[in-house]
Amino acid sequence: MKSADSVRRAATPAVAVVDCAGSVIGWTRAAEELTGYLAADVFGRPIGTLLLPGGERAGAYRPGKGMMEVRRRDGEVVIVRADAAPITLGDDAECAGQSWLLSAIPVALDLSTDTGALLDSLIGSFPVAMAIWDRELRCVWFNEAAEQLRDGYPYYRIGRSLTEVIPGIDNEGVLNAMREVLADGRPVIDREARWSYAGEQRVLSISLLPLAGVDGRPLGVCSVALDFSNSKARDHLDLLREAGVRLGSTLDVMSTAQELAELAVPVLADFVTVDLPEAMLPGTEPLRRLATTEAGIPAFRRAGVASARAGAPESLWGRGDAVFVPPRSPFMEVLRSRRSHFEPVLDASPGTWLDVDPDRARVIHATGMHSLIVVPLEARGDVLGVAVFVRTTNPAPFTKDDLLVAEELVTRAALSLDNARQYTRERLTALALQRDLLPHHLSGSGAVEVASRYLPSDAHEGVGGDWYDVIHLPGGRIALVVGDVTGHGINAAATMGRMRTAVRALAVLDLPPDELLSHLDRLMTEDSLTPDAMGATCLYAVYDPQSGRCTMATAGHPPPAIMTPSGVVIFPSLPPGTPIGVGLGAFQSYDLHLPPGTLLALYTDGLIETRQADLDAGMARLADTLTRAASRSATLDHVCGDVIGSIVGEAPSDDDIALLMARILA
């Protein structure tokens, strides 16, 4: 019987013939050498239970083409490249299945001979270490680049298991990553691995790819490793990797521009600026109102600046300041051409564009600027500004590789800046729309005092559709309304406006709260036929000062907080109602008596619900806060402000918040 090493040195594919019942009827000498089974041992036996790991459960094996595992007689499992060809035998007509001619060759042999020779030649010439590991994480093949790492990383040896502990090497991270790839079949890309060898720290970027057999079961893992030890390319790769994490983490134009500047210093440049036109920075003073100077025109505002030197002495302008540039400067040329300006040796001699910009020329000479790259910030067909990279303390001029890294970094940043611009534009539009649609001047009556607060969300989704209203009805009665449209953005604000208008129109009909919500639900259900339709919750309450009775109904909205004259806060158990827009119209009115001095707080769920606390905890917090605020504030407006200040504080809110408060006077 031959050893496993002889199997790996075999030169002839193993061949077997399997009849329509799955039993072996043909077995070559190469098959004996590959498996350790003699022909007499296998004739008439099912090939699945004989060779496949898993024993009897492997009896349902179906021939296929691809990689698979073969269990040798000595128990060792070998990964082979299998091929299957249907054949017709004399008795096939009497069989229910198909007979097959099977061939198999070990993976290592398949990659180095016959049809695998070309592939082996290509892979072998790669300056990238590649290896194949079986399910026991033993190395079964590696290329020449991996062999060059064998002294520092001895796991690159045929038969060597990654589970072996080798002094001086911590392979636990890679080992766990390989096990995860085997378990879930998902590749791991660009994982960093480190170890010390000969007094030096070695760093590899490792990618792990799953290898599956013809039956879909995992066979092993292919590893691809790049050595980035003491490599400038590694620094650039780290820069781009960090950019992928940091850029776009906030949908704020100024913050994203600053992140870009800070990322590139000092890995790529010693001084970086990001300058954007006014269109990218809504709310700033229009640049066209600024006077043109002898040094140039006000073309940008500085959105980001970073320097390897404290205080950024290279920058003539601070963040938010207008940036003046000569019309014939590289900055304007980049805007016009949409192509990067690459000047490895910065020419600051007389006769250049700097003649008309003495301030820049002075700073260039004073700080030792000697190499320049200017890259356009371009996204979705628009030029958003320019990013400027400068070297001062680093004596090496920029190279073409540096230019490529700068352009890749700027490309990623430009997409994030454009997303931030669009988000800011939509948010400002939605805020303006929502402010216009919300009531500007709430007025109570001789019997009811009212106050309100509205806080837009700071979440990335943008402005929501929270709203409130106070409506005066015949007979001195007053209606209090609060609602919350699902979703965020302009559509939510517009839907809120339609709902508020509809409620006011229905209120004129003097309908009971449950009937009003039914009509509102019907109207919004008809509107739901439009693609941008949204649902909503709503609470509608009517107070009658003549009887002291308050009638209310809810459409999926939280109940109001009611503080009695004695200071006890309750949340009435209103009959539940379906949200507006569902079309069920299942609403019921609820009556209660409100004596003078009673305080009502109608709110949206943004006030009481957070990612850390559910509705019940939020309602309990609201009750405590309302009690304290009412005891120390004289006016209702102060109570309203105290409640918001105590619950929300200075922290950004996850959702829009609307609070409408009413105090019964008589």
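Colleague: How many bridges join strand β22 to β23, and which residue in β23 is the bridge partner of isoleucine 562?

Modeller: The model is a predicted one. In it, β22 (residues 561-563) and β23 run antiparallel and are joined by two bridges. As for isoleucine 562, its bridge partner in β23 is isoleucine 570.

Colleague: Which are the edge strands of the open sheet?

Modeller: The open sheet has five strands with antiparallel pairing, in the order β17-β26-β25-β22-β23. An edge strand here pairs on one side only. The edge strands are therefore β17 (448-455) and β23 (569-570).

Colleague: Which residues stand opposite valine 272 in β12 and in β16?

Modeller: Strand β11 (residues 271-276) pairs with β12 (residues 297-307) in the antiparallel sense over six bridges. With β16 (residues 382-391), β11 also pairs in the antiparallel sense, over five bridges. Opposite valine 272 stand alanine 306 in β12 and phenylalanine 389 in β16.

Colleague: How many residues of β11 are buried, and which lie on each side?

Modeller: In a regular strand, side chains alternate between the two faces of the sheet. In β11, both faces are covered, and six of its six residues are buried. One side carries Phe271, Thr273 and Asp275, and the other carries Val272, Val274 and Leu276.

Colleague: How far does helix α10 reach from its first C-alpha to its last?

Modeller: Helix α10 spans residues 253-264, which makes twelve residues. At 1.5 Å a residue, the expected reach is 16 Å. The value in the model is close to that, at 17 Å.

Colleague: What kind of aromatic pair do tryptophan 133 and tyrosine 156 form?

Modeller: This is one of two aromatic pairs in the structure. The ring centres of tryptophan 133 and tyrosine 156 are 6.1 Å apart, with 40° between the planes. Planes under 30 degrees apart would count as stacked and those over 60 as edge-to-face. The pair is therefore tilted.

Colleague: How many residues apart in sequence are the parts that this pair ties together?

Modeller: Both tryptophan 133 and tyrosine 156 are buried. Tryptophan 133 belongs to strand β6 (residues 129-134), whereas tyrosine 156 sits in the loop between α7 (144-147) and α8 (172-184), so the parts tied together are separated in sequence by 23 residues.

Colleague: What kind of aromatic pair do phenylalanine 331 and tryptophan 353 form, and why does the pair tie together parts that are 22 residues apart in sequence?

Modeller: Phenylalanine 331 and tryptophan 353 are both buried. Phenylalanine 331 lies in helix α11 (residues 330-337) and tryptophan 353 in the loop between β14 (341-343) and α12 (358-367), so the pair links parts 22 residues apart in sequence. With 5.7 Å centre to centre and 85° between the planes, the pair is edge-to-face.

Colleague: What percentage of the 666 residues in the protein is buried?

Modeller: The protein has 17 helices and 26 strands. Of the 666 residues, the buried share is 50%.

Key. Residues numbered from 1 in each chain as written. Predicted model: local features only at pLDDT ≥ 70, side-chain atom pairs only at ≥ 80, totals over all residues. Heavy atoms only, no water. Helix = DSSP H or I, 4+ residues; strand = E, 2+ residues; numbered from the N terminus. Expected span 1.5 Å × (residues − 1). Phe/Tyr/Trp six-rings, centres within 6.5 Å; stacked < 30°, edge-to-face > 60°. Buried < 20%, exposed > 50% of the residue type's maximum accessible area, 1.4 Å probe, protein only.
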